[in-house]
Amino acid sequence: MTTGQRRGRRIMMTPAELDSFLAGQRTCRVATVAADGRPHASALWFAWDGTSLWLYSLTRSRRWAELEADPRVAVVVDDGEEYGELRGVELSGTVERVGEAPRTGEPCPELDVPERLFAARNFGLDAMPHDGRHAWLRLTPRAVVSWDFRKLAGA
């Protein structure tokens with residue numbers, strides 16, 4: 001993973017903090033680009049495997065169609081209510097489809113880890129339920145920017 005952080009180094013997350021934060025969150029905001037250049041942001045559940053962010057998206061969605069046409073994406077995961085509690089990560093790069101679309105459960109070793117993580121966190125299950133409507137997109141970020149305003153209290 002490449003980091004693109006130049007400013008705010010004092011409040012950026014360490015690699016361990018980043019992993020812990022992403023492993024503990026459920027919802028991200030995915031920003032895509034429409035054919036006419038308009039941005040489109042949508043909320044989505046995800047899984048983090050320590051290297052890649054795995055997005056489980058409806059294949060008949062505006063988000064999916066935009067990413068099929070232009071795989072560039074920016075994703076934000078954030079948390080906190082009060083200013084001094086705000087923390088988050090922006091990951092950007094290009095997504096790639098992994099497995100069949102829509103996903104029906106055909107064997108795909110690349111999906112073993114993200115499906116196990118996703119099923120446990122979001123459904124309380126050991127195995128991923130497949131509905132024939134969703135599929136996987138993998139974002140291995142080219143740039144990562146993070147912030148943790150809780151670090152300002154000690155500054």
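Let's start with Pro102, which sits in the loop between E5 and helix H3 (112–123). The peptide bond joining Ala101 to Pro102 is cis, with omega at about 0 degrees. Most peptide bonds are trans. Keep in mind that this is a predicted model. The rest is sorted by topic below.

**Strand pairing**

- Strand E4 (residues 72–79) pairs with strand E1 (residues 27–33) in the antiparallel sense, over three bridges.
- Strand E5 (residues 87–98) also runs antiparallel to E4, and eight bridges join them.

**The nonpolar cores**

- The largest nonpolar core has 23 residues, and the ones touching the most other members are Leu22, Cys28, Leu53, Leu55, Val75, Val89 and Leu91.
- Two or more residues of this core come from each of helix H1 (15–24), E1, strand E2 (39–48), strand E3 (53–58), helix H2 (62–69), E4, E5 and strand E6 (134–139).
- There's a second, separate core of 10 residues, with Ala47, Val98, Cys108 and Leu111 among them.
- Leu53 is worth a zoom: leaving out residues up to four places away in sequence, it touches Phe46, Ala47, Trp48, Val75, Leu91, Leu137, Arg138 and Leu139.
- As background, nonpolar side chains in soluble globular proteins tend to be buried together.

- The buried residues in H1 are Leu18, Phe21 and Leu22.
- Looking down the axis of H1, you'll find its buried residues within an arc of 90 degrees, so they line one face of the helix.
- Which elements cover the buried residues of H1? They include E2, E4, E5, H3 and strand E7 (143–148).

- Gln25 is in the loop between H1 and E1.
- Is Gln25 buried or exposed? Its relative accessibility is 14%, and buried means under 20%, so Gln25 counts as buried.
- Setting aside neighbours within four places in sequence, Gln25 is in contact with Phe46, Val77, Asp78, Asp79, Arg87 and Arg121.
- Phe46 is on the contact list of Gln25, and Leu53 touches Phe46 too.

Terms used: Residues are numbered from 1 along each chain as its sequence is written. This is a predicted model: local features need pLDDT of at least 70, side-chain atom pairs count only at pLDDT 80 or more; totals for chains, interfaces and linings use all residues. Side-chain values use heavy atoms; hydrogens and water are left out. Two strands pair if DSSP finds at least two bridges between them. Helices (H or I, at least four residues) and strands (E, at least two) are DSSP runs, numbered from the N terminus. A nonpolar core is a set of buried Ala, Val, Leu, Ile, Met, Phe, Trp, Tyr and Cys residues joined through side-chain atoms within 4.5 Å. Buried means under 20% relative accessible area, exposed over 50%, partly exposed in between (1.4 Å probe, protein chains only). Contact means heavy atoms within 4.5 Å. The arc is that of the directions from the helix axis to the C-beta atoms.
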